[in-house]
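Q: Could we go through the aromatic contacts in this structure?

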Amino acid sequence: MATPPPAVYPASFEIVVPARNEAGRLPAGLTALCRKAATLPVRTTILVVDSASTDATCHVVRNWAAHPVPVGLLRCRQAGKGIAVRAGLLATQAPFMGYCDADMATDLSALDTALGLLAAGHGVVIGSRALQGSVTGNRHSAARRMGAAVFRTLARGIVPGVTDTQCGFKFFSGPLVRAAALPLRTAGFAFDIELIANCLRLGATLTEIPVRWQDVPGSSFSVWRHSAGSFRDMASIWLRSRTDLAARGSADHENRTRYSYMSGSPAVSVRE
Ligand SMILES: Nc1nc2c(ncn2[C@@H]2O[C@H](COP(=O)(O)OP(=O)(O)O)[C@@H](O)[C@H]2O)c(=O)[nH]1
Ligand SMILES: [Mg+2]
């Protein structure tokens, strides 16, 4: 259940932070995010989505000291980063929103760039560690590094041209991403690919930005527990995208046009 709405609603910018058993990393992460959010030129709120945590994650958020940037809490019963982010996205109302990981591995200075691009009409702005200009610390685990490279290559078969689907730093036009999140089915870590694919299907323009990224110890992703499921999820997303593509046919253009009209938001840019 969500805590009472922050006092500054309606916010212009909402940032969702999925968190499972993050009592250790969340205090530093939230402190950095609140500090950065307070410098942004729009009214910003933060929503932590805690699911199935067995530690004090929700207490960290509930007891968060009053701050110019309000921090809310949403709790999900079911585990899964995809489920948590979807719930967070659908709980937002702001014209601009996005999500980042509790460890704030992506340097928050990229928020200024992301917000500027959203305000200029870019529907999807995502951090990419693969772009020239990104500064990326090595992952601590070699197995994770190799798995990520294979994952990235396969993901390009679903969302061609996107160089990094897994960086936990993604920002959107609110109306666009809420429409894209509604049909999301991927519960785990591979959900970003489905979300991006849905946004593109709705006709959004996607812009990748370079980021400074460092591997923060304490990752919730386990190569041994989560890899097989993530590759399976990616295969399902690929299959669904092929089936949808075949079923949609020429209705696609009509749907895109209808979406841009329904959203009524100048922040949604439609690629025809
Ligand atoms: N609410 C929620 N958050 C999750 C779940 N699994 C992972 N996360 C969050 O998703 C983010 C993933 O980042 P991290 O653990 O650093 O993984 P990595 O950066 O991919 O190694 C963190 O904020 C996690 O707490 C989950 O089941 N529920
Ligand atoms: Mg991380």
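**Aromatic contacts**

A: Phe231 is partly exposed, with a relative accessible area of 29% (buried is under 20%, exposed over 50%, partly exposed in between; 1.4 Å probe, protein chains only). This is a predicted model, in which local features need pLDDT of at least 70, side-chain atom pairs count only at pLDDT 80 or more, and totals for chains, interfaces and linings use all residues. Residues are numbered from 1 along each chain as its sequence is written, chains are lettered from A and ligands numbered from 1 in the order in which they are written, and side-chain values use heavy atoms, leaving out hydrogens and water.

Q: How many aromatic pairs are there?
A: There are six. Rings of Phe, Tyr and Trp (its six-membered ring) pair if their centres lie within 6.5 Å; planes under 30 degrees apart are stacked, over 60 edge-to-face, the rest tilted.

Q: Which residue pairs with Phe231, and in what geometry?
A: Phe151 does, edge-to-face, at 5.6 Å centre to centre with 65 degrees between the planes. Because Phe151 is in helix H5 (residues 142-155) and Phe231 in helix H8 (residues 223-248), the pair ties together parts 80 residues apart in sequence. Helices (H or I, at least four residues) are DSSP runs, numbered from the N terminus.

Q: Is Phe151 buried or exposed?
A: Phe151 is buried, at 8% relative accessibility.

Q: What about Phe189 and Phe221?
A: They form an edge-to-face pair, 4.9 Å centre to centre, with 80 degrees between the planes. Phe221 is buried, at 17% relative accessibility.

Q: Which residues form a cluster through ring pairs?
A: Phe13, Phe169 and Phe171 are linked in this way.

Key:
Helices (H or I, at least four residues) and strands (E, at least two) are DSSP runs, numbered from the N terminus.
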